[in-house]
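Subject: Structure handover

Hi,

Here is the structure for you to look through. My notes follow below it.

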Amino acid sequence: MGRAVTVATCALNQWALDFEGNLERIFRSIDIAKSKGARYRLGPELEICGYGCSDHFYESDTLLHSFQVLEKLLESPATQDIICDVGMPVLHRNVRYNCRVIFLNKKILLIRPKISLANAGNYRELRWFTPWSKARHVEEYFLPRTIQEVTGQETVPFGDAVLATKDTCLGAEICEELWAPNSPHIEMGLDGVEIFTNSSGSHHVLRKAHTRVDLVNSATAKNGGIYILANQKGCDGDRLYYDGCAMISMNGETVAQGSQFSLDDVEVLVATLDLEDVRSYRAEISSRNLAASKVNPYPRVKVNFALSCPDDLAVPTCMPIQWRHHSPEEEISLGPACWLWDYLRRSKQAGFLLPLSGGIDSSATACIVYSMCHQVCLAVKNGNADVLADARRIVNDGTYIPEDPREFCKRVLTTCYMASENSSQDTCNRAKLLAEQIGSYHISLNIDAAVKVVVGIFSVVTGRTPQFSVYGGSSRESLALQNVQARIRMVLAYLFAQLTLWARGMPGGLLVLGSANVDESLRGYLTKYDCSSADINPIGGISKTDLKSFIQYCIENFQLTALRSIMSAPPTAELEPLVDGQVAQTDEADMGMTYAELSIYGKLRKIGKAGPYSMFCKLINIWKEIFTPREVASKVKHFFRMYSVNRHKMTTLTPSYHAENYSPDDNRFDLRPFLYNTSWSWQFRCIDKQVN
């Protein structure tokens, strides 16, 4: 009798609506799985069309092309003698479902629709799909004629069922169903399902990977079984980075771990496991067996195929391993770097332009690009032909081999220090030294002439000349003069991004990188349409606190000693006049709050779902040792005033890498008004009552 089953799961860098590329990556994963002896192959959620199609899911073209890809898979010899489990949208009785299509040897075995849809945070699945609400119910699905011609089937089972092979039983979950409190694997396991599969479209958030791993391992710790998880990886066209982490677990322990961050478009994990280990594990759990005797059975689709071989006593099986988690600093170094690489190669641009101010935020962005260059060189060294081909196309050299990260960085990153009369020599030197250490092509320029021309136009028209407050001007004048500098920098950044390579006799254009962190965006401490306005922003979802830790990580791991002086300098916008040649303006003084306080406000506002009154109630306890209730009230009111006054800036925020669950991204993650009654009169009155 067969005991050892060999199964494969994968992480694929699929791209929304890239049907040709997606098909090629699916084929590659199947080829690798078969070459390693796998008899079952699991892929990510909606892998045929790509997870991030968004409103393209409404289009009949998306459904049509998905079936065309499925037809190619069904008729190919590559998919013979292996159960293939792929993801795509399916319209059943005029209702659109997020489905798994499971097939073997040109026959569709089951179409399994998703039961629990992800609809929080960045997810909007209920907008495009309907959950399957008929538990343990199967209907007939009439196949399109083109598929009928390949399979010879007119109808196939559609619904909540499991597969019964000659040697075991498999049940499918889809992404969110693992996270739901009533996960299907609980009842399926009680009904004798031994192998659970999960196809995911799960994106990276700092410090999230352990949660996913714990959920997978706990799924089989109490009930026994084998759990196989596949996931999307990479940037498939928007702000999210899907972080792979494909894994296989048995009886509560990980037996195979995929990478969380890599430039490999296709990664396949294969494990051979002993079914008798599952059966013996379950046999001694009496509470499980009592519950199993009363379970409502699932419909079973019989499959004349085995995942094991009859004579498998000598086949070695996989042993448990210890999962290795990245530190948050490593996550920042790797995740946004991989996201930038995907964006660069898929946008077909020639590199990046970064306004480098000599401060922590733009320096952190530069370090992420430098980390990307490290990842590219490492991937090429390890024989990744796809990365090599992309690198050659980006630098426009068909014989180029990226070996030195600094040399590659000089080809793909242009940094630009834009000085004004309010800039200090210190920040200029810091920017120049960091650019030298990472190898970027560095430009220094002065914007004073442009600022004087713009302000001069205003003076000619109005007959008034605004002054900074240190020279007797009002706060309105001072703020306007600061904003002119910031906005001119944005205009120049785009000009140089378009024409720098032209001026150097090279083809192509550059993507402009922004570098506003998540805390500044939340507070609105940025000029609308300044250098925070860019093509993409790799640090827009990362807090100042985490960025400081990341800078320290770069000092230690990349030997970027220039970062030491950047770390020790107080953050400043350098938009107000210097005093005795020294910077007098600091970010925290301007904001009226520290970055540490901002992180707390952000987490309470978004993750804690706290309005002004609830935030005050929580903070009088959190800060009871350092602030009086009246001081807490004053801080909370100031934050909500500034947040609401500046919320309109979030509507034009540069697309940013999503890394924190308290991101204020207005695109789809943090949906709020952008015109507030900024007095918050009722809410603040409730706070005052408690203070008194």
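Pro466 is in contact (heavy atoms within 4.5 Å) with Val455, Phe458, Ser459, Glu477 and Leu481, leaving aside its neighbours within four places in sequence. Pro466 sits in the loop between H15 and helix H16 (475-503). Helices here are DSSP runs (H or I, at least four residues), strands likewise (E, at least two), and both are numbered from the N terminus. With a relative accessible area of 18%, Pro466 is buried. The cut-offs are under 20% relative accessible area for buried, over 50% for exposed, and partly exposed in between (1.4 Å probe, protein chains only). Pro466 and Ser66 are 400 residues apart in sequence, and their C-alpha atoms are 60 Å apart in space.

Before you go further: this is a predicted model, where local features need pLDDT of at least 70 and side-chain atom pairs count only at pLDDT 80 or more, while totals for chains, interfaces and linings use all residues. Residues are numbered from 1 along each chain as its sequence is written, and side-chain values use heavy atoms, with hydrogens and water left out.

Asp448

Asp448 lies in helix H15 (residues 448-462). Its relative accessibility is 16%, so Asp448 counts as buried. Not counting residues up to four places away in sequence, Asp448 touches Ala419, Ser420 and Glu421. Take Glu421: it is 27 residues from Asp448 in sequence, and 6.6 Å from it in space, C-alpha to C-alpha.

Helix packing

Two packed helices are described by the angle between their axes and the distance between the axes. Axes are lines fitted to C-alpha atoms, for helices over the stretch in contact, and angles run from 0 to 180 degrees between N-to-C directions.

Start with H10 and H12. Their axes are 10 Å apart, and they pack at an angle of about 60°. H10 and H12 are therefore oblique to each other. On the scale used, angles under 35 degrees count as roughly parallel, over 145 as roughly antiparallel, 65 to 115 as roughly perpendicular, and the rest as oblique. The crossing of H10 and H12 is left-handed. That term applies if the near helix is turned anticlockwise from the far one by less than a right angle; clockwise is right-handed. On the H10 side are Trp341, Leu344 and Arg345, which meet Val387, Asp390, Ala391, Arg393 and Ile394 in H12. By class, this contact has five nonpolar, no polar and three charged residues. Nonpolar covers Ala, Val, Leu, Ile, Met, Phe, Trp, Tyr, Cys and Pro; charged covers Asp, Glu, Lys and Arg; the others, Gly among them, are polar.

Next, H12 (residues 385-395) and H13 (residues 405-412). These helices pack at about 45°, with their axes 10 Å apart. H12 and H13 are therefore oblique to each other. Their crossing is left-handed. Ala391, Ile394 and Val395 of H12 make the contact with Phe408, Arg411 and Val412 of H13. The residues divide into five nonpolar, no polar and one charged.

Then H11 (residues 360-381) and H18 (residues 544-557). The axes come within 10 Å and cross at roughly 55°. That makes H11 oblique to H18. H11 passes H18 in a left-handed crossing. H11 contributes Ile360, Asp361, Ser363, Ala364, Cys367 and Ile368; H18 contributes Lys544, Leu547, Lys548, Phe550, Ile551 and Cys554. This contact has eight nonpolar, one polar and three charged residues.

Positive phi

Asn105 has a positive phi, near 50°, and is not a glycine. Asn105 is in the loop between strand E4 (95-104) and strand E5 (107-113). It is partly exposed, with a relative accessible area of 28%.

Lys348 also is not a glycine, and its phi is positive at about 60°. Its place is the loop between helix H10 (328-347) and strand E17 (352-355). Lys348 is exposed, with a relative accessible area of 60%.

Cys377 is in no disulfide either; the nearest cysteine sulfur, in Cys373, is 6.8 Å away. Cys99 counts as buried at 1% relative accessibility, and Cys377 counts as buried at 7%.

Best wishes

Notes. Disulfide = S-S within 2.5 Å.
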